[in-house]
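Here is a short report for a reader new to this structure. Look over the sequence and the model before reading on.

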Amino acid sequence: MAQLLLLLLAGVAVASRGDREPVYRDCVTRCEETNCTGTKLQDFWAEQPIYMRLTGWVCLDDCRYQCMWHTVSLYLTEGYAVPQFHGKWPFSRFLFFQEPASALASFLNGLANLLMLRRYRSSVPPSCPMYNTCLAFSLVSINAWLWSMVFHTRDTALTEKMDYFCATAVILHSVYLCCMRTLGLRYPSFANAFGALLIVLFACHISYLTLGRFDYSYNMAANAIFGMMNLVWWLVWCVRRHSRQPYLWKCVLVVVLLQSLALLELLDFPPFLWVLDAHALWHFSTIPLNVLFYSFLKDDSLYLLKVNSDVLKLD
């Protein structure tokens, strides 16, 4: 839950001031005509590092990258603010990583999920009623962070959609996880029906965004609504039960901090040293939240085992 509830606040990949600039457009056109045709294109392929080729960087991409920095240099020389290009700040590419800080943060979030999943499995026996649901949530989260890393490594139409869709999957699975823990153990039929409804909503969501023009405003609004539902649901349940289950402070802290740290996105400043921006800072800030939430899941799963054991003893 702590990973991606507000991931889609990252911004909209539409035309920006930088790529509308005639200097940038003329530069790209000249570069493409000069370097991306005939023997020059063959020379480009021959000189391009293998890791760039394997990650899909082509001659036009290189022209856009070089012209972006040419335009930024002119803006700074003339005393103007740094412009965005195609909905993004200019980032200094490292090897094949388009946004190295965000890619690293996504990797570390995924690694934290993987390590905490191993710790959860070593601490909680499969007989726990929430065991399979927690494992499924963890796998969905790891997959989402993988695609987040891929997207920040190489921004294409496909990687962008996979990043957004996998983020939505985490949010919806967070809602399902909350439903299972608060109602599903007592009313499994309701949980099954609710899970099926979420799957249908997810399918409709993807279909709407795939079949037509990608509606960024709708995508953000839909995820914000489900994220807020998830937040309120967890908080109400935790507040009502905190006296009997003191470890619930971990869940409360995670959901509150997640919402608060998402405000980092509102800063939206040009990258520090052309690498570290507000989005990367937000991704880095969620790493400890992963650890804390899995700690809550472990404590809660062990609590459920103890409660079920006590009931059996009374019988």
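## Surface and basis

The protein chain exposes about 15,700 Å². Carbon and sulfur atoms supply 66% of that area. Accessible areas come from the Shrake-Rupley method with a 1.4 Å probe, and for residues only the protein chains shown count as cover.

This is a predicted model, in which local features need pLDDT of at least 70, side-chain atom pairs count only at pLDDT 80 or more, and totals for chains, interfaces and linings use all residues. Residues are numbered from 1 along each chain as its sequence is written, and side-chain values use heavy atoms, with hydrogens and water left out.

## Overall build

The protein chain has 13 helices and 0 strands. Its pattern along the sequence is α-α-α-α-α-α-α-α-α-α-α-α-α. Helices (H or I, at least four residues) and strands (E, at least two) are DSSP runs, numbered from the N terminus. The C-alpha atoms fill a box of roughly 85 × 40 × 35 Å, taken along the principal axes.

Of the 315 residues in the protein chain, 46% are buried. Buried means under 20% relative accessible area, exposed means over 50%, and partly exposed lies in between (1.4 Å probe, protein chains only). Now take the contacts with a separation of 6 or more: residues 24 or more positions apart account for 74% of them. A contact means heavy atoms within 4.5 Å.

## Charges

The protein chain carries 24 positive and 22 negative charges. Their mean positions are 13 Å apart. Lys and Arg count as positive and Asp and Glu as negative, while His and the chain ends are not counted. Each charge is placed at NZ of Lys, CZ of Arg, CG of Asp or CD of Glu.

## The largest pocket

The largest pocket has a volume of about 570 Å³. Its lining has 22 residues. Phe85, His86, Lys88, Gln98 and Asp155 lie nearest its centre. Helix H5 (59–77) and helix H8 (157–184) each supply at least two lining residues. The largest share, 4 residues, comes from H5.

The search runs on a 1 Å grid over the protein atoms alone. A pocket is an open set of points where a 1.4 Å probe fits, with protein on both sides within 12 Å along at least five of seven lines. Lining residues have an atom within 4 Å of a point. Grid points are joined across faces, edges and corners, and the volume is the space filled by probe spheres set on the points.

## Two buried loop residues

Phenylalanine 85 lies in the loop between H5 and helix H6 (100–123). Phenylalanine 85 counts as buried because its relative accessibility is 4%. Leaving out residues up to four places away in sequence, phenylalanine 85 touches Ser16, Gly18, Asp19, Tyr24, Met68, Thr71 and Val72. Aspartate 19 is 66 residues from phenylalanine 85 along the chain, yet their C-alpha atoms are separated by 5.0 Å.

Methionine 130 sits in the loop between H6 and helix H7 (131–153). Methionine 130 has a relative accessible area of 3%, so it is buried. Beyond its neighbours within four places in sequence, methionine 130 is in contact with Tyr120, Leu177, Met180, Arg181, Leu185, Ser301 and Leu304. Leucine 304 is 174 residues away along the chain, with a C-alpha separation of 8.4 Å from methionine 130.

## Leucines with positive phi

Leucine 95 is not a glycine, although it has a positive phi of about 55 degrees. Leucine 95 is in the loop between H5 and H6. Its relative accessible area is 41%, so leucine 95 is partly exposed.

Leucine 273 also has a positive phi of about 55 degrees without being a glycine. Leucine 273 is in the loop between helix H11 (249–261) and helix H12 (278–285). With a relative accessible area of 64%, leucine 273 is exposed.

Where does methionine 220 lie? Methionine 220 is in helix H10 (residues 216–241). Methionine 220 counts as partly exposed because its relative accessibility is 30%. Methionine 220 and arginine 186 are 34 residues apart in sequence and 33 Å apart in space, C-alpha to C-alpha.

Threonine 29 belongs to helix H2 (residues 22–35). Threonine 29 is partly exposed, at a relative accessible area of 39%. Threonine 29 and leucine 267 are 238 residues apart along the chain, and their C-alpha atoms are separated by 33 Å.
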